[in-house]
Amino acid sequence: MQCHCGSGTLFQNCCQPYIQQIKKAPTALALMRSRYSAYATHEVFYLLETTHNSKRKYYSKVDIYNWATANQWTKLEIVNFNEDTVEFKAHFTNEKFQEQIHHELSTFTLENGSWYYVDGQFLD
């Protein structure tokens, strides 16, 4: 199966090792891609674990799961990135079969050898 992140690589060779915590995402971009794949595969634990500890209290497992499962994740588009930010468009179809785009500029931080999602600014 092709990876959900759109890399063109097999899921088992791309995001799955990060989601299963066999390997650490080596860059903010790799973490962003794996988090998108985690939404597509409903891996709430990974999404919380890769959110910076200072921000986890703002996220609910139930809310993340409900949003992940209520939508069909169709495409990840990377708009721009640098070492610690990624601008992306997450394409999905909601429960009413309406096409949606979540456009965000996400900030990441490297701490003790692991990348974490810190926050995001919604765009458009």
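1. His103 touches Val79, Glu87, Phe88, Lys89, Gln121, Phe122, Leu123 and Asp124, when residues up to four places away in sequence are not counted; contact here means heavy atoms within 4.5 Å. The model is predicted, so local features need pLDDT of at least 70 and side-chain atom pairs count only at pLDDT 80 or more, whereas totals for chains, interfaces and linings use all residues. Residues are numbered from 1 along each chain as its sequence is written, and side-chain values use heavy atoms, with hydrogens and water left out.

2. His103 lies in strand S3. Helices (H or I, at least four residues) and strands (E, at least two) are DSSP runs numbered from the N terminus. His103 counts as buried because its relative accessible area is 10%; the cut-offs are under 20% for buried and over 50% for exposed, with partly exposed in between (1.4 Å probe, protein chains only).

3. Glu104 is buried but has no salt bridge, and Arg35, the nearest side chain of opposite charge, is 7.0 Å away. A salt bridge requires a side-chain nitrogen of Lys or Arg within 4 Å of a carboxyl oxygen of Asp or Glu; Lys and Arg count as positive and Asp and Glu as negative, while His and the chain ends are not counted. The side chain of Glu104 does make a polar contact, at 2.6 Å, with the side chain of His102. Beyond four places in sequence, the residues in contact with Glu104 include Val86, Phe88, Tyr117 and Phe122.

4. The largest pocket has a volume of about 360 Å³. Of its 17 lining residues, the closest to the centre are Tyr39, Trp67, His102, Glu104 and Tyr117. Two or more lining residues come from each of helix H2 (28-40), helix H4 (61-70), strand S2 (85-93), S3 and strand S4 (114-122). H2 gives the largest share, four residues. On a 1 Å grid over the protein atoms alone, a pocket is an open set of points where a 1.4 Å probe fits, with protein on both sides within 12 Å along at least five of seven lines, and lining residues have an atom within 4 Å of a point. Grid points are joined across faces, edges and corners, and the volume is the space filled by probe spheres set on them.

5. Tyr46 is in helix H3 (residues 44-49) and counts as buried because its relative accessibility is 4%. The side chain of Tyr46 makes a polar contact of 2.6 Å with that of Ser34. Other residues that Tyr46 touches include Tyr18, Leu31 and Arg35.

6. Two loop residues deserve a look at the backbone. Phe97, in the loop between S2 and S3, has a positive phi near 65 degrees although it is not glycine. Asn112, in the loop between S3 and S4, likewise has a positive phi, about 50 degrees, and is not a glycine. Phe97 counts as exposed because its relative accessibility is 72%; Asn112 is exposed because its relative accessible area is 75%.

Key
A polar contact is a pair of N or O atoms within 3.5 Å; within protein, one must be able to donate a hydrogen and the other to accept it, and residues adjacent in sequence count only if both atoms are side-chain atoms.
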